[in-house]
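Please open the structure in a viewer and keep the selection panel at hand.

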Amino acid sequence: MIYFDSAATTLQKPPEVVRASVYAMTHMASPGRGGHRPAMLAAETAFSCRQAAARLFHVEDPEQVVFTFNATHALNIAIKSLVSPGDTVLISGYEHNAVTRPLHALGATVRVFTGPLFDQEALLRSFEEQLDSQVRAVICTHVSNVFGYVLPVEEIAARCRAQGVPLILDASQSAGCLPVDVQALDASFVAMPGHKGLYGPQGTGLLLCRSDTKTLLEGGTGSASARQEMPDFLPDRLEAGTHNIPGVAGLLAGIRYVQREGSAQILRRERRLVQLTARGLSRIPGVTVYAAQDPTLQAGVLSFRTNGADCEEIGERLGRRGIAVRAGLHCAPLAHQSADTFQTGTVRVSFSGLNTPGEVEKFVRELKPILSSFSAPGK
Amino acid sequence: MLYSLIVCRSLTYAQRTAAVLGRGGITATIFRSPRAIDQEGCSYCVRVARQRLTDALLLLGRAGLPPKRVLMLTQDGLYQEVVL
């Protein structure tokens with residue numbers, strides 16, 4: 001199996017991630033739910049994970065690191081903490097449904113700043129035109145999950161800071177490969193999955209909090225149990241119910257892997273694979289490849305589409321040949337509208353630091369006969 | 001052994017407290033707070049030797065980690081609140 005769907009979930013995990021999760025399942029109980037050894041071992045693991053995440057993302061203290069089930073969960077908390085029905089929110093044209101659906105459900109007034117793919121200047125111009133005193137919050141993805149487009153979040157964050165507008169950063173595709181410095185950005189919230197670039201298990205996510213929060217769930221926290229109100233302190237306030245400790249243990253091992261390998265090194269590997277893929281695909285007639293001229297504008301995700309072949313069918317046929325990619329709208333219709341690919345969707349290949357150039361070569365080789373079969377008479 | 005209990009608002013806070021004390025050379029162990037002193041129900045505390053309490057509070061003050069409450073175990077086995 002060649003797995004090129006890491007923008008959804010990294011499938012190949014460092015072996016220590018699996019070991020850590022299995023060990024947690026057999027040796028750890030619930031943090032905050034007892035003073036016995038299995039509970040305290042779970043507590044130590046959770047705290048180590050918070051510390052590791054705080055170091056990696058430059059969070060002031062580990063209490064601001066909240067465990068969630070995924071990035072969508074984290075984004076829901078962040079959005080519902082800052083946005084009330086009717087508020088005006090400014091979002092990029094490359095957001096995922098994890099951002100747009102909660103805003104829709106809240107009844108927020110949504111403004112979109114956008115621009116052509118890989119054109120950061122146009123995006124910033126659109127942002128500046130629309131950032132005014134009515135805007136209650138800005139939400140921006142760091143990297144498009146469809147195109148790998150790296151958005152100019154440092155500049156956006158600086159303008160938010162100057163205007164005093166809270167920023168929510170969606171680091172779903174950047175955490176683990178691009179620098180995410182929460183303090184330098186001065187973001188109110190940063191949301192990320194644990195199961196993508198941090199190589200943790202599915203069912204893990206992080207919300208890095210630097211603003212007041214509203215609860216999404218209420219329930220037991222193992223603290224202040226005599227009171228019926230949720231605790232007013234983090235992380236307990238946002239972590240009702242039993243923790244996913246096998247997930248947290250695996251996430252800790254994943255973060256340590258990223259720290260050991262180095263985010264910059266992982267990004268270099270992924271970018272090299274993107275460039276190899278773009279080069280290979282661009283030689284196939286009828287294929288449109290969405291690759292940035294300047295490689296620093298793209299992370300380890302690349303989309304393409306072809307004349308005459310449905311993207312879902314290409315994805316299906318690649319899957320039958322043991323190559324996992326994702327096709328369609330990738331839960332990000334807004335990004336496809338911005339890039340003018342909404343009608344067709346795209347085929348997306350997305351890498352982890354564990355993929356190899358040999359896999360890319362094989363993928364391009366396997367794709368060619370699939371595309372030829374579409375153009376052959378009677379197909 | 002006579003000891004002091006530094007009561008913390010949460011387990012994570014207790015872990016931060018114990019980490020700061022440990023780095024400062026003070027042995028600190030996390031426990032669930034005894035029910036008798038646990039006014040709000042379910043909390044954690046950090047136990048330190050009674051003679052290290054002053055040093056511990058100084059370290060915590062410098063780290064910006066004020067305790068919720070501090071209690072000392074007395075000779076008769078009761079907890080006495082330390083006024084901070």
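What distance separates the centres of domain 1 of chain A and domain 2 of chain A, taken over C-alpha atoms? The two centres lie 27 Å apart; the domain bounds come from an automatic or database domain assignment. The model is predicted: local features need pLDDT of at least 70 and side-chain atom pairs count only at pLDDT 80 or more, while totals for chains, interfaces and linings use all residues. Residues are numbered from 1 along each chain as its sequence is written, and chains are lettered from A and ligands numbered from 1 in the order in which they are written.

**Chain A as a whole**

Select chain A, which has 12 helices and 13 strands; these are DSSP runs numbered from the N terminus, with helices being H or I of at least four residues and strands E of at least two. The radius of gyration of chain A is 21 Å, close to the 21 Å of the globule rule for 379 residues, so the chain is as compact as a globular protein of that length. This radius is taken over C-alpha atoms, and the rule is 2.2 Å times the number of residues to the power 0.38.

**The two domains**

Colour residues 2-9 and 263-375 of chain A as domain 1, and residues 15-261 as domain 2. Each domain brings 29 residues to the contact between them, where two residues are in contact if their C-beta atoms, placed from the backbone, lie within 7 Å. On the side of domain 1 of chain A that touches domain 2, the elements giving two or more residues are α9 (263-282), β10 (301-306), α11 (333-339) and β13 (346-350) of chain A. Of these, α9(A) gives the most, with six residues.

**From chain A to chain B**

Next, show both chains: 19 residues of chain A are in contact with 13 residues of chain B.

**The sheet of chain B**

Now select chain B, where five strands form an open sheet in the order β2-β3-β1-β4-β5, with antiparallel pairing. Strands pair if DSSP finds at least two bridges between them. At the edges stand β2 (29-32) and β5 (79-81) of chain B, each with a single partner strand, so one side of each has no neighbour in the sheet. Four bridges join β2(B) to the antiparallel strand β3 (residues 44-49) of chain B. Within this pair, B:I30 stands opposite B:V46 in β3(B).

Finally, select helix α1 (residues 11-23) of chain B, which packs on the sheet and touches β1 (3-8), β2 and β3 of chain B.

Terms used: Axes fitted to C-alpha atoms, helices over the stretch in contact; angles between N-to-C directions.
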